[in-house]
Amino acid sequence: MFEQLYRQRMELSKLINGHLSQNGTHLTAIPSLFFSRYPNKTGPNYGVHKPSLCIVVQGMKEVLLSQERFQYGPADYLVASVKLPITGQVTQASSEQPYLALKLEFTPSEIVEVLRDTQMEADKKENVKRGMYVSKIEPPLLDAVTRLVRLLENPKEIQVLAPLIRKEIIYRVLQGEHGGILKQIAIEGSSTNQISDVIEHIMNNYEKSFKIEELAEIGNMSVSSLHRHFKEVTAMSPIQFQKQLRLQEARSLLLSELSDAADVAFRVGYESPSQFSREYSRMFGLPPKEDIKRLKQNKDKTINA
């Protein structure tokens, strides 16, 4: 098994390198399939992790969900079953052996389709669990992923074969050690499915204030159940979840526009610029102005390197 996994990883490594003209993370010709290459360790990168399968072919990565750490490398794969605000960084990479990885995003409807087609059983009342996990990778899953990536060598085959291989990959993940977590997101009426509805509402309205009773109604559960299940799935409370979304969006706006911090604070939903500055500093390590200056300087160094 180890020899088979090694051969599969070597092939994936060559394929990823062959289809990346520059470092960074890039979308491929296959919808929802991304490749990443970094020749050095990276600082923390903040973003929203969509439902997806992530595989490291070379190097190591760490993902922080609230205060919970998920570390994974070539022997593992990471799955996010719902949208989650996370912090990620490459922890092992070099110019000789750069970090190489791929990410395949999927939707709950794709999971439903696989469950229906395979008549795979899923328990609606299964205990709610964290919406992110790391598992040991097995040859059948890595084989399916390798075949999907090979399609980039024959672009005319992508439209016909990619959807079929995507279904196989989702099937393999559902059959994995923690596949029950992924099943729950697709089962209408399950607590995880209900929390997913609440997550979607917060993400679409992150700049607006809300009452916890409103969220409980959206999730069709009591306030106490909402608090308990939301924290179990996301590792944070609804308010903490919203705060991370607001601060991430604020940072993105400050990087891409010439707006000042006070204006951005109001745009993402803060009523007090001073509170925004405090919470921004707590999350990113520096006040808004200094943080953006540091980010731009680091970007210039990368470009000029």
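Select strands β4 and β9 (residues 99-105) to begin. Six bridges join β4 to β9, and the two run antiparallel. Everything on this tour belongs to a predicted model.

Zoom to cysteine 54. Its bridge partner in β7 is leucine 78.

How many of the seven residues of β4 are buried? Seven of the seven are, so β4 is largely enclosed by the rest of the structure.

**The open sheet**

Hide those strands and select β3, β8, β5 and β6. They make an open sheet of four strands, ordered β3-β8-β5-β6, with antiparallel pairing. Which strands are at the edges? They are β3 (45-49) and β6 (68-72), each of which pairs on one side only. Look along the sheet: from one strand to the next, the twist averages 30 degrees.

Click methionine 60. Its bridge partner in β8 is glutamine 92. Show side chains while you are here. In a regular strand, side chains alternate between the two faces of the sheet.

**From the sheet edge to a helix**

The whole structure holds six aromatic pairs.

Phenylalanine 284 is buried, with a relative accessible area of 5%.

Tyrosine 270 counts as buried at 5% relative accessibility. Phenylalanine 276 is buried too, with a relative accessible area of 1%.

Finally, bring in Tyr280. Tyr46, Tyr270, Phe276, Tyr280 and Phe284 form one aromatic cluster.

**Two crossing helices**

Clear the view and select helix α2 (residues 108-118) and helix α4 (residues 158-174). Their axes come within 10 Å and cross at roughly 80 degrees. Angles of 65 to 115 degrees count as roughly perpendicular, and α2 and α4 are therefore roughly perpendicular to each other.

Show the side chains where they touch. From α2, pick Glu110, Ile111, Glu113, Val114, Leu115, Asp117 and Thr118. From α4, pick Arg166, Lys167, Ile170, Tyr171 and Leu174. Colour them by class. The contact has six nonpolar, one polar and five charged residues.

**Last stop: leucine 164**

Remain on α4 and select leucine 164, which has its place in this helix. Is leucine 164 buried or exposed? Leucine 164 counts as exposed, at 54% relative accessibility; the cut-off for exposed is over 50%. To finish, draw a C-alpha to C-alpha distance to leucine 148. Leucine 164 and leucine 148 are 9.2 Å apart in space and 16 residues apart in sequence.

Key
Residues are numbered from 1 along each chain as its sequence is written. This is a predicted model: local features need pLDDT of at least 70, side-chain atom pairs count only at pLDDT 80 or more; totals for chains, interfaces and linings use all residues. Side-chain values use heavy atoms; hydrogens and water are left out. Axes are lines fitted to C-alpha atoms, for helices over the stretch in contact, and angles run from 0 to 180 degrees between N-to-C directions. Angles under 35 degrees count as roughly parallel, over 145 as roughly antiparallel, 65 to 115 as roughly perpendicular and the rest as oblique. Contact means heavy atoms within 4.5 Å. Ala, Val, Leu, Ile, Met, Phe, Trp, Tyr, Cys and Pro count as nonpolar, Asp, Glu, Lys and Arg as charged, and the others, Gly among them, as polar. Buried means under 20% relative accessible area, exposed over 50%, partly exposed in between (1.4 Å probe, protein chains only). Two strands pair if DSSP finds at least two bridges between them. Rings of Phe, Tyr and Trp (its six-membered ring) pair if their centres lie within 6.5 Å; planes under 30 degrees apart count as stacked, over 60 as edge-to-face and the rest as tilted.
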